[in-house]
Amino acid sequence: MKRAFAALDRGVEILVAAIFAAMCVVGLLQVFNRFVLNKSLSWSEEFQIYCHVWIVFLAIPIAYRHGAHLSVDSLRKLFPRRLGAVFDLFIELLWIWFAVALTWLSYRVSEVAKLQGSPGLEIPMSYPYYGMVLGGAYLLLVVLRRIVLKEKPVAHRPEEQHTLAL
């Protein structure tokens, strides 16, 4: 099971890197077309914006896995051990609430948005929102793994330090 989760985590990280690379290539192509060929691409800015949406919402669970989100450790350290564990569980439950809300609400928005097409790429507007849906679902999976399987953030697991670098 750990291998399957590690493969999924790695796959999402590679997907984010690939989206970022595509975004950079299209940006360079746009600059080349504009300044060298004197012809702007009509779809490049829209493509980059949609890629950015996907990157942001897939990076939220990646950052969560690595323990990179802002936390208030000074408040946590004031609590006795048992109360601190309850506080930690409360924080995880808040993450679950956020993940479920993000997944459900972005899915509902994507259902409405599929009726409209994007002006530049001429794709259904639901496609950008699917990044939010997938990011929320993946975040939910990561939070549940932390609660049920007692996984620690990657930064605290020496055997997985290599996953920080793509």
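**Chat about a helical model**

Colleague: How much of the protein is buried?
Modeller: Buried residues account for 34% of the 166 residues. Buried means under 20% relative accessible area, exposed means over 50%, and partly exposed is in between (1.4 Å probe, protein chains only). Mind that this is a predicted model: local features need pLDDT of at least 70, side-chain atom pairs count only at pLDDT 80 or more, and totals for chains, interfaces and linings use all residues. Residues are numbered from 1 along each chain as its sequence is written, and side-chain values use heavy atoms, leaving out hydrogens and water.

Colleague: OK, how many helices and strands are there?
Modeller: The protein has 5 helices and 0 strands. Those are DSSP runs, numbered from the N terminus: H or I over at least four residues for helices, E over at least two for strands. Along the sequence the pattern reads α-α-α-α-α.

Colleague: And is the protein more spread out than a compact globule, or less?
Modeller: More spread out, because its radius of gyration is 19 Å, well over the 15 Å that the globule rule gives for 166 residues. The radius is taken over C-alpha atoms, and the rule is 2.2 Å times the number of residues to the power 0.38. Along the principal axes, the C-alpha atoms fill a box of roughly 65 × 35 × 35 Å.

Colleague: What about helix 1, what span should it have?
Modeller: Helix 1 covers residues 2–35, and at 1.5 Å a residue its 34 residues should span 50 Å. The expected span is 1.5 Å times one less than the number of residues. The end C-alpha atoms are 49 Å apart, which agrees.

Colleague: What do its buried residues pack against?
Modeller: The buried residues of helix 1 pack against helix 2 (44–65) and helix 5. Among them are Phe5, Val12, Ile19, Met23, Val26 and Gln30.

Colleague: Switching to rings. How many aromatic pairs does the structure hold?
Modeller: There are 6 aromatic pairs. Rings of Phe, Tyr and Trp (its six-membered ring) pair if their centres lie within 6.5 Å; planes under 30 degrees apart are stacked, over 60 edge-to-face, and the rest tilted. One of the pairs is Trp43 with Phe47, which is edge-to-face at 6.1 Å centre to centre and 85° between the planes. Trp43 is partly exposed at 29% relative accessible area, and Phe47 is partly exposed at 22%.

Colleague: Why is the pair of Tyr127 and Tyr130 tilted?
Modeller: Because their planes are at 35°, with the ring centres 6.0 Å apart. Both tyrosines lie in helix 5 (residues 126–148), 3 residues apart, about one turn of the helix. An α-helix has 3.6 residues a turn, so residues three or four places apart point the same way. Tyr127 is partly exposed at 41%, and Tyr130 counts as partly exposed at 28%.

Colleague: Which residues do ring pairs link into a cluster?
Modeller: Tyr64, Trp95 and Phe98. There's a charge at Tyr64 as well: the charged end of Arg146 sits over the Tyr64 ring, 4.0 Å from its centre. A charge sits over a ring if NZ of Lys or CZ of Arg is within 6 Å of the ring centre and within 35 degrees of the ring normal.

Colleague: Last topic, backbone. What is the phi of Glu122?
Modeller: Near 55°, a positive value in a residue other than glycine. Most residues other than glycine have a negative phi. Glu122 is found in the loop between helix 4 (81–113) and helix 5, and is exposed at 67% relative accessible area.

Colleague: And Lys150, where is its place?
Modeller: Lys150 is in the segment after helix 5. Its phi is positive too, about 60°, although Lys150 is not a glycine. Lys150 is exposed, with a relative accessible area of 65%.

Definitions and conventions. Contact means heavy atoms within 4.5 Å.
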